[in-house]
Amino acid sequence: MTDRPDKFFQGTEMPTAGWWEALWSHPAGVLVAVGLRSGMTVIDLCSGDGWFTLQIAKVARHVSAIDIDTNLLEIARHRLVESGVTNCDFIAGDAYDIVKLAGPADFVFMANAFHGVPDRSRLAQAVASALKADGYFAIVNWHKRSREETPILGEPRGPKTELRMSPEETIESVEGRGLKYKRLSKYRPITMALCFSVSAHESQ
């Protein structure tokens, strides 16, 4: 087990060789489905090793990849450099500090991390503050099923069973904190994505 930085969101299993790519074999399609569009300014929050960051950068005008783990950020940096992509800033920092670290953004994307956030309401408020008036927040998470029921490449994967959240629990954690629920996208039996927009009162 590798050491994790202070304030690292616990319960977010980091991808090991092969399984993350197997789960998200077409990340670009996922991003389009949750609202990524050409020309957007995007924040990839808790970006990890950049598997989604690269595909975001290929579409967006600019992307800020934020993660508290500098080692993962360095892997992400190499991934984008190898692909000749230059419209990305790699920012080491706490996700709660998103407003100070980047933004304002058209779109905030967060995959495989929300279930591990200790204070989800606080994070939702921070994301709302980092978004433009017509901005969107997409959360990609695991279905609320036992870990044994979500195998990838023959092994149970994803967060511990007790950390998993239903769509209703996710919506309750986010809505009313400057964001409102828009839609749920079910990509497969293992994962789902929920999309939120800035509340009308937030954009006044």
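Start with the charged side chains: this structure holds 7 salt bridges. A salt bridge here is a side-chain nitrogen of Lys or Arg within 4 Å of a carboxyl oxygen of Asp or Glu. You're looking at a predicted model, where local features need pLDDT of at least 70, side-chain atom pairs count only at pLDDT 80 or more, and totals for chains, interfaces and linings use all residues. Residues are numbered from 1 along each chain as its sequence is written, and side-chain values use heavy atoms, with hydrogens and water left out.

**Stop 1: salt bridges**

Select R79 and D49. Their closest N and O atoms are 3.4 Å apart, making a salt bridge. This pair links distant parts of the chain: R79 belongs to helix α4 (residues 70-82), while D49 is in the loop between β1 (41-45) and α3 (51-59), 30 residues apart. Those labels come from DSSP runs, numbered from the N terminus: helices are H or I with at least four residues, strands are E with at least two. Is D49 buried or exposed? It counts as buried, at 15% relative accessibility. For the cut-offs, buried means under 20% relative accessible area, exposed over 50%, and partly exposed in between, using a 1.4 Å probe and protein chains only.

Now pick D106 and K132, whose side chains meet in a salt bridge at 3.3 Å, N to O. D106 lies in strand β4 (residues 105-111) and K132 in strand β5 (residues 131-142), so this pair ties together parts that are 26 residues apart in sequence. D106 counts as buried at 15% relative accessibility, and K132 as partly exposed at 32%.

Then try R157 with E155: another salt bridge, with the closest N and O atoms 3.7 Å apart. R157 is buried, at 11% relative accessible area, while E155 is partly exposed at 42%.

**Stop 2: aromatic rings**

How many aromatic pairs are there? The count comes to 7. Rings of Phe, Tyr and Trp (its six-membered ring) pair if their centres lie within 6.5 Å; planes under 30 degrees apart count as stacked, over 60 as edge-to-face and the rest as tilted.

Show F52 and F109. Their ring centres are 4.9 Å apart and their planes are at 55°, so this pair is tilted. F52 lies in helix α3 and F109 in strand β4, so the two tie together parts that are 57 residues apart in sequence. F52 is buried, with a relative accessible area of 4%, and F109 is buried too, with 0%.

Next, select F137 and F196: their centres are 6.4 Å apart and their planes at 35°, so they're tilted. F137 is in strand β5 and F196 in strand β9 (residues 191-198), 59 residues apart. F137 and F196 are both buried.

**Stop 3: a charge over a ring**

Click on R122 and Y96. The charged end of R122 sits over the ring of Y96, 3.9 Å from its centre. The rule is that NZ of Lys or CZ of Arg is within 6 Å of the ring centre and within 35 degrees of the ring normal.

**Stop 4: helix α6**

Select residues 120-130, helix α6, where L123, A124, A126, V127, A128 and A130 are buried. What covers these buried residues includes β1, α5 (98-101), β4, β5, α7 (167-174) and β8 (179-186); contact means heavy atoms within 4.5 Å.
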